[in-house]
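Work through the following exercises with the sequence and the 3D view side by side, and try each task before reading its solution.

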Amino acid sequence: MEFCYTLPLRRRLNRKPSTSQTVTAPFFCWDVHTLTVQRRKAVLAMNCASRYSLLLYGMNGADWVRLPELVRDEIRAVILREGLSEFEATRYFVLGGPLSISAAHGLKSTAAHIINGEVYHAKKSRGVLPDGISASVRSRMEGFFDDFQHAVFSR
């Protein structure tokens, strides 16, 4: 599993990009970006394969220290909220491998989707997506969990 930190997030955390050249399947790769929403710091994590997004809103000082743990916990919570089992959630992290943190893959990642207005966060209700989402974006978001089930059970 790989978390790709964008330049603004690396600056905020005062973190240098790692030198590892590991290649992670896009399904197990998440771009992580910092932004301000209603004058509060937030973190956006977006799956590279599906653009499924999570928004961690209202980050405080202690949250930045344990950011990878917070993002991982929220991914697990979303999988469970979508009605999948604890076994499936655990299997996702096992198949993803050990966590590595690297630099984002360029401007075609999270930042481009924020600018294009394609940022949506997970709803707590299963199967409920915000109104006004285009059919292609809706199918990608719903497809994340179809891809998830295929990845978990096909190995």
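**Exercise 1.** Decide whether Tyr-92 is buried or exposed, and find which ring pairs with Tyr-92 in a tilted arrangement.

*Solution.* Keep in mind that this is a predicted model. Tyr-92 has a relative accessibility of 0%, and because buried means under 20%, Tyr-92 counts as buried. The tilted partner is Phe-28, with 5.1 Å from centre to centre and 35 degrees between the planes. This pair joins distant parts of the chain, since Phe-28 lies in the loop between helix H1 (7-13) and strand E2 (29-37), whereas Tyr-92 belongs to helix H4 (residues 86-96), 64 residues apart. Phe-28, at 5% relative accessibility, is likewise counted as buried.

**Exercise 2.** Find out which residues form one aromatic cluster with Phe-28 and Tyr-92.

*Solution.* Start from Phe-27, which forms an edge-to-face pair with Phe-28, at 5.1 Å centre to centre and with 80 degrees between the planes. Phe-27 is buried too, at 10% relative accessibility. The cluster then consists of Phe-27, Phe-28, Tyr-92 and Phe-93.

**Exercise 3.** Determine which strands stand at the edges of the five-stranded sheet.

*Solution.* First write down the order of this open sheet, E4-E3-E2-E1-E5, in which the pairing is mixed. Strand E4 (53-57) and strand E5 (100-103) each have a single partner strand, so they stand at the edges and one side of each lacks a neighbour in the sheet. Then look at E4 and its partner E3 (residues 40-47), which pair in the antiparallel sense over five bridges; on E4, Ser-53 is the bridge partner of Met-46.

Note on methods: Residues numbered from 1 in each chain as written. Predicted model: local features only at pLDDT ≥ 70, side-chain atom pairs only at ≥ 80, totals over all residues. Heavy atoms only, no water. Pairing = 2+ DSSP bridges. Helix = DSSP H or I, 4+ residues; strand = E, 2+ residues; numbered from the N terminus. Phe/Tyr/Trp six-rings, centres within 6.5 Å; stacked < 30°, edge-to-face > 60°. Buried < 20%, exposed > 50% of the residue type's maximum accessible area, 1.4 Å probe, protein only.
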